[in-house]
Amino acid sequence: MRAVVQRVDGASVSVVSGSGEEPGEETVGEFTGEGLCVLVGVTHEDTAEKAAQLARKLWSIRMLEGEKSCSETNAPLMVISQFTLYGDARKGRRPTWNAAAPRPVAEPLVDEVVARLRELGATVHTGSFGAHMRVSLTNDGPFTVLLDM
């Protein structure tokens with residue numbers, strides 16, 4: 001399991017629907033102020049235990065202002081699935097996605113990260129698995145960390 005974690009000063013995610021001249025867009029998650037935006041990728045070997053480990057790390061990592069964590073400040077998190085974190089572009093000009101887990105494996109594990117965070121007391125906003133999304137955020141710092149579980 002892989003996560004790109006960014007300290008942000010507000011974030012939102014919208015789902016894009018339709019095509020052509022009138023595409024629609026619906027905001028499905030949003031928060032203002034300090035928090036974390038987390039892009040989560042899942043690979044074939046990942047388990048519910050790794051999802052729980054990632055949730056605990058996200059809740060306790062000291063990335064916020066003053067070296068605080070979300071657990072200390074009750075800052076929200078935006079968790080968005082992103083299979084492209086397992087893209088491999090070492091050969092050729094097109095990335096391959098062989099290392100990314102398929103939807104039946106990945107979706108329940110991303111949901112598990114969110115559920116575990118909420119069990120810990122976190123306010124969690126999410127995107128929509130597999131949808132075309134637009135993520136907007138204000139990176140604060142910038143402060144970005146890559147986590148591999």
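Which residues does Q6 touch, not counting residues up to four places away in sequence? I started my notebook there and found G35, L36, C37, M63, L137, N139, F143 and T144; contact here means heavy atoms within 4.5 Å.

**Ground rules.** I am reading a predicted model, where local features need pLDDT of at least 70, side-chain atom pairs count only at pLDDT 80 or more, and totals for chains, interfaces and linings use all residues. Residues are numbered from 1 along each chain as its sequence is written, and side-chain values use heavy atoms, with hydrogens and water left out.

**Q6 and its strand.** I placed Q6 in strand β1; strands (E, at least two residues) and helices (H or I, at least four) are DSSP runs numbered from the N terminus. Q6 counts as buried because its relative accessibility is 15%. For that label I used under 20% relative accessible area as buried, over 50% as exposed and in between as partly exposed, with a 1.4 Å probe and protein chains only.

**Strand pairing.** I then looked at β1 (residues 2-17) and β2 (residues 24-41), which run antiparallel and are joined by 15 bridges. Two strands pair if DSSP finds at least two bridges between them. R2 stands opposite G41 in β2. On β3 (residues 77-81), I noted parallel pairing with β2 over five bridges, and S81 in β3 is the bridge partner of V40.

**The largest pocket.** S81 turned up again here: together with Q82, F83, A131 and M133, S81 lies nearest the centre, among 19 lining residues. The elements giving two or more residues to this lining are β2, β3, α3 (103-120) and β5 (133-148). I sorted the lining into 13 nonpolar, five polar and one charged residues. The pocket holds about 330 Å³ of space.

**Salt bridges.** My search of the whole structure gave eight; each is a side-chain nitrogen of Lys or Arg within 4 Å of a carboxyl oxygen of Asp or Glu. One of them joins R134 and E25, at 2.6 Å from N to O. R134 lies in β5 and E25 in β2, so this pair ties together parts 109 residues apart in sequence. R134 is partly exposed at 43% relative accessibility, and E25 is partly exposed at 48%.

I also checked D46 and K50, whose closest N and O atoms are 3.7 Å apart. D46 is buried at 8%, whereas K50 is partly exposed at 25%. My last entry is R90 with D88, a salt bridge at 2.7 Å: R90 is exposed at 73% and D88 partly exposed at 26%.

Technical notes. On a 1 Å grid over the protein atoms alone, a cavity is a set of points where a 1.4 Å probe fits but cannot get out, and a pocket is an open set with protein on both sides within 12 Å along at least five of seven lines; lining residues have an atom within 4 Å of a point. Grid points are joined across faces, edges and corners, and a volume is the space filled by probe spheres set on the points. Ala, Val, Leu, Ile, Met, Phe, Trp, Tyr, Cys and Pro count as nonpolar, Asp, Glu, Lys and Arg as charged, and the others, Gly among them, as polar.
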